[in-house]
Amino acid sequence: MKPQFLADADLHFDIVTGVLRREPAIDFESAQELLEEGLQDPDVLAVAAQDEGIVVSHDVNTMPDHFQRFLAENGSSPGLFLIPQSVPVSEAIEELVLIGVTSEAAEWRNRMVWLPL
């Protein structure tokens, strides 16, 4: 099964649209479309886990701790991709397209990965 992505509310929306423009077959949902406004990080992780989506976030300050707690409490997560704000949008798009096309969802389960790889 190919990875599915869920963009955290803080992710630059151009990354989502760029990935989908480059590779429309990638399943990349936006938190702005799926989640209620103001949803906290632990809740984003829970929604993503329920939908088997890997969370993609710019929140490099608090999301790693929330992810570790989520794993400790729930035992499993589809994964977390962290993209620092300093990474160019085009580079983030390329990384996610590469991951979405060439990997399987199981490769990212329970992993927190900083992009670019």
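**View 1. Glu95 and the residues it touches at the end of the chain.** In this predicted model, Glu95 touches Leu115, Pro116 and Leu117, leaving out residues up to four places away in sequence; touching, or contact, means heavy atoms within 4.5 Å. Glu95 sits in helix 5, which covers residues 89–102. Helices (H or I, at least four residues) and strands (E, at least two) are DSSP runs, numbered from the N terminus. Is Glu95 buried or exposed? Glu95 is buried, yet it has no salt bridge. Buried means under 20% relative accessible area, exposed over 50%, and partly exposed in between (1.4 Å probe, protein chains only). A salt bridge needs a side-chain nitrogen of Lys or Arg within 4 Å of a carboxyl oxygen of Asp or Glu. For Glu95, the nearest side chain of opposite charge is Arg22, 11 Å away; Lys and Arg count as positive, Asp and Glu as negative, and His and the chain ends are not counted.

View 2. Look for the bond between Leu115 and Pro116: it is cis, with omega about 5°. Pro116 belongs to the segment after strand 5 (112–114).

**View 3. Asp10 and its contacts.** Asp10 is found in the loop between strand 1 (4–7) and helix 1 (13–22). Its relative accessibility is 32%, so Asp10 counts as partly exposed. Which residues are in contact with Asp10, leaving aside its neighbours within four places in sequence? They are Ser57, His58, Asp59 and Gln85.

**View 4. Positive phi at Glu52.** Glu52 has a positive phi near 60°, although this residue is not glycine. Glu52 lies in the loop between helix 3 (41–50) and strand 3 (54–57). With 33% relative accessibility, Glu52 is partly exposed.

**View 5. Positive phi at Asn110.** Asn110 is not a glycine either, and its phi is positive, at about 65°. Its loop runs between helix 5 and strand 5. Asn110 counts as partly exposed because its relative accessibility is 33%.

**Reading the views.** Residues are numbered from 1 along each chain as its sequence is written. In this predicted model, local features need pLDDT of at least 70 and side-chain atom pairs count only at pLDDT 80 or more, while totals for chains, interfaces and linings use all residues; side-chain values use heavy atoms, with hydrogens and water left out.
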